[in-house]
Amino acid sequence: MLILTRRPGESIYLGDDIKLTVLSVQGKQIKIGLEVPDDMPVYREEVYLRVQEQNKLALQLTDQDLLAATRLWQKEK
């Protein structure tokens, strides 16, 4: 992990497209501003982890899923 010190109003660039700016510091709370490309999603960590878990679950196939799909295809014929 890279650790950098920044004061309010100072920024960090991540590559050419992402700018992170420290807006304010109040006690243990830090407000940051992010400038990212419009097509880049930004998630809080807890939301990102939940989305990743749901994606993993959605990709898991079971025998029941395959049997149900087979029955659907057979009905179309």
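Guide: Two strands are taken as paired if DSSP finds at least two bridges between them, where helices (H or I, at least four residues) and strands (E, at least two) are DSSP runs, numbered from the N terminus. The model shown here is predicted, so to read it with care note that local features need pLDDT of at least 70 and side-chain atom pairs count only at pLDDT 80 or more, whereas totals for chains, interfaces and linings use all residues. Residues are numbered from 1 along each chain as its sequence is written, and side-chain values use heavy atoms, with hydrogens and water left out.

Visitor: With those terms in hand, which pattern does the chain follow along the sequence?

Guide: The chain holds 2 helices and 3 strands, and along the sequence they come in the pattern β-β-β-α-α.

Visitor: In what order do the strands of the sheet lie, and with what pairing?

Guide: The 3 strands make an open sheet with antiparallel pairing in the order S1-S2-S3. Strand S1 (11–14) and strand S3 (29–35) are the edge strands, each pairing on one side only. Neighbouring strands of this sheet are turned against each other by 25° on average, direction ignored; such angles run from 0 to 180 degrees between N-to-C directions, with axes fitted as lines to C-alpha atoms, for helices over the stretch in contact.

Visitor: How many bridges hold S1 and S2 in the antiparallel sense, and which residue of S2 stands opposite Ile12?

Guide: S1 and S2 pair over 4 bridges, and in this pairing Ile12 has Leu20 in S2 opposite. The hairpin of S1 and S2 has 3 residues between the strands, and in this hairpin Gly15 adopts a positive phi near 70°.

Visitor: How many bridges join strand S2 to S3?

Guide: Strand S2 (residues 18–26) runs antiparallel to S3 and is joined to S3 by 7 bridges. The hairpin of S2 and S3 has 2 residues between the strands, and here Gly27 takes a positive phi near 65°.

Visitor: Why does Val25 count as partly exposed?

Guide: Buried means under 20% relative accessible area, exposed means over 50%, and partly exposed lies in between (1.4 Å probe, protein chains only). Val25 counts as partly exposed because its relative accessibility is 45%.

Visitor: How many salt bridges does a search of the whole structure find?

Guide: Side chains of opposite charge can pair when their charged atoms come close. The search finds 2 salt bridges, each defined by a side-chain nitrogen of Lys or Arg within 4 Å of a carboxyl oxygen of Asp or Glu. In one of them Glu10 is paired with Arg6, with the closest N and O atoms 3.7 Å apart; Glu10 is partly exposed at 27% relative accessibility, and Arg6 is partly exposed at 36%. Arg44 and Glu46 also meet in a salt bridge, at 2.7 Å from N to O, where Arg44 counts as exposed at 55% and Glu46 as partly exposed at 43%.

Visitor: Where does Arg6 lie?

Guide: Arg6 is in the segment before S1. Although Arg6 and Val22 are 16 residues apart along the chain, their C-alpha atoms are separated by 6.9 Å.

Visitor: And in which helix does Asp63 lie?

Guide: Asp63 lies in helix H2 (residues 63–76) and counts as exposed, with 61% relative accessibility. Asp63 and Trp73 are 10 residues apart in sequence, and their C-alpha atoms are 16 Å apart in space.

Visitor: What radius of gyration does the chain have?

Guide: The chain has 22 Å, whereas a compact globule of 77 residues would have a radius of gyration near 11 Å; the radius is taken over C-alpha atoms, and the globule rule is 2.2 Å times the number of residues to the power 0.38. The C-alpha trace spans about 65 × 25 × 20 Å along its principal axes, and 6% of the 77 residues count as buried.
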